[in-house]
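Here is a short briefing on a protein model. Look at the structure first, then read the points by topic.

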Amino acid sequence: MVDQAQKYYVPEPSRYPIFGSIALLLMASGAVMWMNNVGAGKAVLAAGVLVLIYMLFGWFGAVIRENESGKYNKRVDTSFRWSMSWFIFSEVMFFAAFFGALFYARAISVPDLGSLEHRQLLWPNFAPRWPESVAPGGMDPFQPMEAWGIPAINTLILLTSGATLTWAHWGLIANRRGQLKLGLVLTILLGVLFLGLQAYEYVHAYTEMNLKLSTGIYGSTFFMLTGFHGLHVTIGATMLIVILGRVLRGHFKPEDHFGFEAVAWYWHFVDVVWLMLFVVVYWL
Amino acid sequence: MRIVVIVFLLLIVASLASALLFVYRDRGLGRTRTVKALAIRVGLSIALFLMLMAGYYFGLITHKL
């Protein structure tokens, strides 16, 4: 006989996956239209973002309601932990691909272009260096990004946010709800501050340093790595806001807070990726 | 200097990875291994950052690592 507590909760068919697919289709189509100067591009992209927000609110809300009503048992809990682990694995592979592209360009392809063989056959006057400042078709002069200034300040901001989140984490375990709430609010504010400074740095790079996504392999790898990291900070901050909302409603207990811990770990992961970016992209 | 930075980065990744393992394994009251591993991660990261800043200030690190 199967005990009621051991039954695995299977939800009713949900409309949110199809809304998620529609959102992605609209966002991708809108972005492509915008890049190709099609008039409706921005509107289609904005519609996609709105559908995505609707999906996130609806789906997050459904899962939270199911959890709070006690529908999830230990086996469902295990499924959530496994799914989080695979999600993290995909994220590690995602960033490994871009770090790998940077390594390949710096350590293999750019030096190889300066080899005797390539200089004889392809490009006689090429002297390899990083950041690369010459290219076959000519290249506008640009200023590479330094580690000092905003990147160093942003590193300090993200590291501080890791400390405030850990402080909030201890607050949850010790059932000090005030500490938990304040720690989460500070972490979210620091994340938003980081994003604001990153946007300022991008504007500065484009307008005053002539450093763009199209600035050879240096510009491409710089903006792809830091840009996707910024996207992940945005995702992490969004999840922290949801967690804060749940905390304000009295969710999470010292003995049961996987949702909080998963999001906190994700924030620490994004923080470590930035530290690697700071060392590899800005300093090396 | 470069080897010190690499060692610190490896220790930071190891503490983060151990925290993920504890997120998966630990349930119930009184389990603090995850938050402890994450606290070590934060401490190591701040130490690395301060070391980089001090190294540059005192001339141990020049323009690039």
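The points below go from the whole chain to its domains, its partner chain and its charged residues.

This is a predicted model, in which local features need pLDDT of at least 70 and side-chain atom pairs count only at pLDDT 80 or more, while totals for chains, interfaces and linings use all residues. Residues are numbered from 1 along each chain as its sequence is written, chains are lettered from A and ligands numbered from 1 in the order in which they are written, and side-chain values use heavy atoms, with hydrogens and water left out.

**Chain A as a whole**

- Chain A has eight helices and zero strands. Helices (H or I, at least four residues) and strands (E, at least two) are DSSP runs, numbered from the N terminus.
- The C-alpha trace of chain A spans about 80 × 40 × 40 Å along its principal axes.
- Chain A has 284 residues, and 41% of them count as buried. Buried means under 20% relative accessible area, exposed means over 50%, and partly exposed lies in between (1.4 Å probe, protein chains only).
- Take the contacts in chain A with a separation of 6 or more: residues 24 or more positions apart account for 70% of them. Contact means heavy atoms within 4.5 Å.

**Two domains in chain A**

- Chain A is assigned domain 1 (13–71) and domain 2 (73–283). Such bounds come from an automatic or database domain assignment.
- The centres of the two domains, taken over C-alpha atoms, are 23 Å apart.
- Six residues of domain 1 are in contact with five residues of domain 2.
- About 510 Å² is buried between these domains, and carbon and sulfur atoms give 67% of that area. Buried area is the accessible area (1.4 Å probe) that two parts lose on being put together, summed over both.
- On the domain 1 side, Phe60(A), Ile64(A) and Glu68(A) lose the most area to domain 2, together 67% of what that side buries.
- The rule finds one salt bridge across this domain interface. A salt bridge is a side-chain nitrogen of Lys or Arg within 4 Å of a carboxyl oxygen of Asp or Glu.

**Chain A meets chain B**

- Here 36 residues of chain A are in contact with 34 residues of chain B.
- The two chains bury about 3,300 Å² between them, 76% of it on carbon and sulfur atoms.
- Two salt bridges are counted between chain A and chain B.
- Eight residue pairs are in polar contact across this interface (both at pLDDT 80 or more). A polar contact is a pair of N or O atoms within 3.5 Å; within protein, one must be able to donate a hydrogen and the other to accept it, and residues adjacent in sequence count only if both atoms are side-chain atoms.
- Helix 3 (74–113), helix 5 (150–173) and helix 8 (258–283) of chain A each supply at least two residues of the side that touches chain B. Helix 8 gives the most, with 13 residues.

**Salt bridges one by one**

- The structure holds five salt bridges over all chains.
- Glu68(A) pairs with Arg246(A) in a salt bridge, with the closest N and O atoms 3.3 Å apart. Glu68(A) is partly exposed at 40% relative accessible area, whereas Arg246(A) is buried at 11%.
- Asp77(A) forms a salt bridge with Arg27(B), at 3.0 Å between the closest N and O atoms.
- Arg81(A) also forms a salt bridge with Asp77(A), with the closest N and O atoms 3.0 Å apart. Both residues lie in helix 3 of chain A, four residues apart, about one turn of the helix.
- Arg81(A) is buried, with 6% relative accessible area, and Asp77(A) is buried at 18%.

- Asp26(B) is in the loop between helix 1 (2–25) and helix 2 (33–57) of chain B. The side chains of Asp26(B) and Arg33(B) meet in a salt bridge of 2.7 Å, N to O.
- Asp26(B) counts as buried at 6% relative accessibility, while Arg33(B) counts as partly exposed at 39%.
- Glu201(A) sits in helix 6 (residues 177–208) of chain A. Glu201(A) is buried, with a relative accessible area of 2%.
- Beyond neighbours within four places in sequence, Glu201(A) is in contact with Met145(A), Ile150(A), Pro151(A), Phe222(A) and Tyr282(A).
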